[in-house]
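Have a look at the sequence and the structure first.

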Amino acid sequence: LNEGRDVPEQYQKLMETGWGPVRVCVAVEQRYGLDAVRALYTALGTRIHLGRTKLGPELYAAALTDAGLDPALAEAAGSTEYDEALRASHEAGMRPVGTDVGTPVIHAPGPDGKPVAFFGPVVTPAPKGEAAGRLWDGVLLVAGTPGFFELKRSRDVDPIFD
């Protein structure tokens, strides 16, 4: 998303490190399909956000194992073999929402059945159960409203992963 942009050196290093898990996800998609990517994404998120595990080959192999996938695919993290597919996927994800947003970007069905893409929602802590359903219904409602573009406010709390 920020490739080629003028960003601080520390953030640039973070972006370089971030290619690893995304390459692994592309390798998993190509071998196993999108359902397997969902399982890997959950395993990575659990280990990174709840387990505070740093990005690296050990994390990728462990998350692949957690997801019931071949841990040898962790090697994709250091390979450029998947970069063309990665860039194409990124472009397909960002094209409908534009480039002046961050991540996450979500695609959902709009009120007319056509896809609606938007940045967010960014919520902490994540709501559970019925509260999550109500939030999602509201997000779809505003995202599907013609002419609706943005709601935003400053954060006053750090992310909470529980």
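G120 sits in the loop that links strand β2 to helix α5 (129–143). Is G120 buried or exposed? With a relative accessibility of 2%, G120 counts as buried; the cut-offs are under 20% relative accessible area for buried, over 50% for exposed, and partly exposed in between, using a 1.4 Å probe and protein chains only. Leaving out residues up to four places away in sequence, G120 touches P104 and I106, where contact means heavy atoms within 4.5 Å. A76 is another story: 44 residues separate A76 and G120 along the chain, and their C-alpha atoms are 28 Å apart.

Before going further, a word on what you're looking at: this is a predicted model, in which local features need pLDDT of at least 70 and side-chain atom pairs count only at pLDDT 80 or more, while totals for chains, interfaces and linings use all residues. Residues are numbered from 1 along each chain as its sequence is written, and side-chain values use heavy atoms, with hydrogens and water left out.

Now for the strands. β1 (residues 105–109) and β2 (residues 115–119) run antiparallel and pair over 5 bridges; two strands pair if DSSP finds at least two bridges between them. One such link joins A108 to V116 in β2. Together β1 and β2 make a hairpin with 5 residues between them, and G113 in that turn has a positive phi of about 90°.

Zooming out, the protein chain has 5 helices and 2 strands, in the order α-α-α-α-β-β-α. These are DSSP runs numbered from the N terminus: helices are H or I with at least four residues, strands are E with at least two. Here are some of these elements side by side.

| Element | Residues |
|---|---|
| α1 | 9–32 |
| α2 | 34–50 |
| α3 | 57–66 |
| α5 | 129–143 |

What are the buried residues of α3? They are L59, Y60, A62, A63 and L64, and they pack against α1 and α2. Just past the end of α3, G68 takes a positive phi of about 75°.

The largest nonpolar core has 22 residues, and V24, V28, L40, L44, Y60, L64 and L69 have the most contacts inside it. A nonpolar core here is a set of buried Ala, Val, Leu, Ile, Met, Phe, Trp, Tyr and Cys residues joined through side-chain atoms within 4.5 Å. Helices α1, α2 and α3 each supply at least two residues of this core. Apart from it lies another core of 5 residues, including A108, F118, V139 and A143. Back in the 22-residue core, V28 is in contact with G33, A36, V37, L40, L64, L69 and L73, setting aside neighbours within four places in sequence.

As for the whole chain, 25% of its 162 residues count as buried. Its C-alpha atoms fill a box of roughly 45 × 35 × 35 Å along the principal axes.
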